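Please keep the sequence and the model side by side while reading.

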Amino acid sequence: MSHLLTPLINIFKARDLRKKIIFTAFIFFVFRLAAHIPTAGIDNEALKKLFAQNQFLSLLDIFSGGTLANFSIMALGLNPYINASIILQLLTMVVPKLEELSKEGEYGRQVINQYTRLLTVPLAMVQSLGMIAILRQQQITLNNDLISLVGMVITMVAGTILLMWLGELISEYGIGNGISVLIFAGIVGRYPVSFFQTLFIAETLQFTNLIIFLVMSLLVIAGICFVNEARRQITISYARRIRGNRLYGGQTSHLPLRVNQAGVIPIIFAVSLVLIPSMLGGYLKTLKISKLVALGDFFMTFFNPNSLSYNLFYFFLVIAFTYFYTAVTFNPVKIAEEIKKYGGFIPGIRPGQPTAIYLNKILTRITLAGAVFLATIAILPSLARSLTGVTTMSLGGTGILIVVSVVLETTKSLESQLIMRNYDTFLRR
């Protein structure tokens, strides 16, 4: 037991790491505090009844970090920022200026991040109007005048900007990726509520169904850990070179290709997009134009979280985003050039373009396994509900995937910083 606690003790002994952990915990506190500040003009009792009956809104609440159920000032969560990131990444592939910026290192990333922040504001305004339209349709808003509408929109947009700022503070001064960590905090904050709700209705469920649900949860956690750690090791050999009187090279190393190269990002991207049609449908249904109302009904029916069409669309969207994000983050041509530059080669494969083609072929195959796994995890809540009848633990595989992935990534980040700190201490000696 002491052996397991040793890394944790060493982390808290390091002053800089201890400061980062305390700072991250403080941001968590601010986030959860702000999540309980309600937006003015909402009938909270009617809102709670609506969320108890609407599976779509319950799913949306999960990814807002539990801030939507009480319609807090952060009700939109990070969805507008995530959607802005998706749009900018897509534009990077088609707009030459943005493509040039993406290749300019830290400066280019800062400019693109600034564009993402600016795009977040109009997206947040559109999403807040859609959300308010849904609430108006259900007669949950107390005041329907223009001034109240403008006040609610400004409040929700400001809440998203505040949440985006908190995420960036964590990325700069805390532990891990700020956006992922805040989503993690929101999901974890929902687990106790869902757990006690499940215990409350346990008497009405069959004991066998509860056992099946628990076994599925354990298998999902084990599967996530296995896939996250799975690697395809590509052997890299280095030719021997003589410089002066010394012999260099002649060594062998490995290039690890992750099965889940994209991590948890495809799930977050897919959820952000798959929820938009339902929000748009709710808004269109409030209009008095018959064709738009019919289109709104179609969106609400086709993208109902309990429908087969929704789950199939969600499944293939996750696969598409997995390939897309893998292509953005891993460039086989650049990797092949780096290997060639340092005198390396893959045994049996010529350096340069043939190496890039080989790496792309391997990556395409292993990414398919990772993409199908992520997509299965994404639709797992619907499968679990149909098999077990447990509806209160609506976080399902998606929430578990985000929680486990963020925990693993944050743990690795802490370990690498601890190893680097010990290495620096050794060099000073």
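Of the 429 residues in the protein, 45% are buried, in a model that is predicted. The protein contains 17 helices and 5 strands, and its accessible surface amounts to about 23,000 Å², with 65% of that area belonging to carbon and sulfur atoms. When the contacts with a separation of 6 or more are considered, 73% of them are between residues 24 or more positions apart.

The axes of α2 and α8 come within 9 Å and cross at roughly 170°. Angles over 145 degrees count as roughly antiparallel, and α2 and α8 are therefore roughly antiparallel to each other. On the α2 side, the residues that take part are Lys20, Phe23, Thr24, Ile27, Phe28, Val30 and Phe31, and on the α8 side they meet Leu163, Leu166, Leu169, Ile170 and Tyr173. Sorted by class, the residues of this contact between α2 and α8 comprise 10 nonpolar, 1 polar and 1 charged.

Side chains of opposite charge can pair when their charged atoms come close. A search of the whole structure finds 1 salt bridge, and Arg117 forms it with Glu168, the closest N and O atoms of the two being 2.7 Å apart. Because Arg117 lies in helix α7 (residues 105-137) and Glu168 lies in helix α8, the pair ties together parts that are 51 residues apart in sequence.

A second pair of helices meets at another angle. The axes of helix α5 (residues 79-94) and helix α11 (residues 265-274) come within 9 Å and cross at roughly 105°, which makes α5 roughly perpendicular to α11. In this contact Asn79, Ile82, Asn83, Ile86 and Gln89 of α5 meet Ile268, Phe269, Ser272 and Leu273 of α11. The residues that make up the contact of α5 with α11 divide into 5 nonpolar, 4 polar and no charged.

When neighbours within four places in sequence are left aside, Asn83 is in contact with Leu123, Gln127, Ser272, Leu273 and Ile276.

Another asparagine, Asn311, lies in helix α14 (residues 308-329), and because its relative accessibility is 11%, Asn311 counts as buried. Not counting residues up to four places away in sequence, Asn311 touches Pro305, Asn306, Ile379 and Ser382. Helix α16 spans residues 353-388, and Ile357 is found in that helix. Ile357 is exposed, since its relative accessible area is 52%, and its C-alpha atom is separated by 8.0 Å from that of Val333, a residue 24 positions away along the chain.

The last stop is helix α17 (residues 396-428), where Thr411 is found and where Ile402 also has its place. The C-alpha atoms of Ile402 and Gly263, which are 139 residues apart along the chain, are separated by 9.0 Å, and Thr411 and Gly176, 235 residues apart in sequence, are 8.8 Å apart in space from C-alpha to C-alpha.

Key
Residues numbered from 1 in each chain as written. Predicted model: local features only at pLDDT ≥ 70, side-chain atom pairs only at ≥ 80, totals over all residues. Heavy atoms only, no water. Axes fitted to C-alpha atoms, helices over the stretch in contact; angles between N-to-C directions. Helix = DSSP H or I, 4+ residues; strand = E, 2+ residues; numbered from the N terminus. Parallel < 35°, antiparallel > 145°, perpendicular 65-115°, else oblique. Contact = heavy atoms within 4.5 Å. Nonpolar A, V, L, I, M, F, W, Y, C, P; charged D, E, K, R; others polar. Buried < 20%, exposed > 50% of the residue type's maximum accessible area, 1.4 Å probe, protein only. Areas by Shrake-Rupley, 256 points an atom, 1.4 Å probe, with all protein chains shown as cover. Salt bridge = Lys/Arg side-chain N within 4 Å of Asp/Glu carboxyl O.
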